[in-house]
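Me: I have a model open and want to know what stands behind the labels attached to it. Please set each value against its cut-off and conclude.

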Amino acid sequence: MIALKRLRPVWLVAALALCAAAPAPAPAGPAATAATWFMRGCVRFAAHPKALRRWAAAKNLPKAPDKSAQTYLFGLPGQVFIIPTATGPLILVSEDSGSCSVIGSDIHGPALLDRLNAALTAAGVTFTVTQDGPDPKAKSLHDRAYAARKGSARWLMLVSTVTDKAGGEAILTSTP
């Protein structure tokens, strides 16, 4: 019994050393940030551009200047907002048709896809991956397409990321 009492402080010191050596949780990087904003905006307000725009205004997201907005709208009617984040700005594209996109740079593709799949599952969105591979028109891009649903709502999603291991631009889109 005496030997065990003497070992208790040793175990306590060892346990504290292990806790101190444990790595801190990874901070939310660009992939997590993009997935979060996509879920908050494009998934939540899929097919409801007016509600999305009211939400963006309530979040005080600045509108992109018209000339800049047209870069993302490709001549289609809609509105574009800038999402300032700690990891760099994201672009929120709200088309009048109900399509919605979040665009970011310096995003690691596999990390984004992992974060998005986890976020969809956590939100109760049922999804099927319908395509997962190189973009047929641009081999430097990887496309993952989803058929998604929650309750009676159904929509399609496409996530395009660069294949560079260092990351790059990513576009997440939901379409009614």
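Me: What makes Trp37, Phe45 and Trp55 a cluster?
Reply: Ring pairs link Trp37, Phe45 and Trp55. The model is a predicted one, and it holds three aromatic pairs.

Me: Why is the pair of phenylalanine 45 and tryptophan 55 called tilted?
Reply: The ring centres of phenylalanine 45 and tryptophan 55 are 5.7 Å apart, and rings pair if their centres lie within 6.5 Å. Their planes stand at 45°. Planes under 30 degrees apart would count as stacked and over 60 as edge-to-face, so the pair is tilted.

Me: Which parts does that pair tie together?
Reply: Phenylalanine 45 is in the loop between helix 2 and helix 3 (49-58), and tryptophan 55 is in helix 3, so the pair ties together parts ten residues apart in sequence. Both phenylalanine 45 and tryptophan 55 are buried, a label that requires under 20% relative accessible area.

Me: How do you know that the charged end of arginine 40 sits over the ring of tryptophan 37?
Reply: The charged end of arginine 40 is 5.5 Å from the centre of the tryptophan 37 ring. The distance cut-off is 6 Å, and the charge must also be within 35 degrees of the ring normal. Arginine 40 is assigned as sitting over the ring.

Me: Why is aspartate 114 called exposed?
Reply: Its relative accessibility is 55%, and exposed means over 50%, so aspartate 114 counts as exposed. Aspartate 114 belongs to helix 5 (residues 109-122).

Me: What is leucine 112 in contact with, beyond its neighbours within four places in sequence?
Reply: Leucine 112 is in contact with Ala31, Ala34, Ala35, Ile107, Val159, Thr161, Ala170 and Leu172; contact here means heavy atoms within 4.5 Å. Leu92 and Leu112 have the most contacts inside the largest nonpolar core, which has 34 residues. Helix 2 (residues 30-43) gives the most to this core, with eight residues. Apart from it lies another core of seven residues, including Ala64, Ile91, Val93 and Ile103.

Me: What makes strand 4 and strand 5 a pair?
Reply: Two strands pair if there are at least two bridges between them. Strand 4 (residues 126-134) and strand 5 (residues 141-150) are joined by eight bridges and run antiparallel, so they meet that condition. Glycine 133 has aspartate 143 in strand 5 as its bridge partner. A hairpin of six residues joins strand 4 to strand 5.

Terms used:
Residues are numbered from 1 along each chain as its sequence is written. This is a predicted model: local features need pLDDT of at least 70, side-chain atom pairs count only at pLDDT 80 or more; totals for chains, interfaces and linings use all residues. Side-chain values use heavy atoms; hydrogens and water are left out. A nonpolar core is a set of buried Ala, Val, Leu, Ile, Met, Phe, Trp, Tyr and Cys residues joined through side-chain atoms within 4.5 Å. Buried means under 20% relative accessible area, exposed over 50%, partly exposed in between (1.4 Å probe, protein chains only). Helices (H or I, at least four residues) and strands (E, at least two) are DSSP runs, numbered from the N terminus. Rings of Phe, Tyr and Trp (its six-membered ring) pair if their centres lie within 6.5 Å; planes under 30 degrees apart count as stacked, over 60 as edge-to-face and the rest as tilted.
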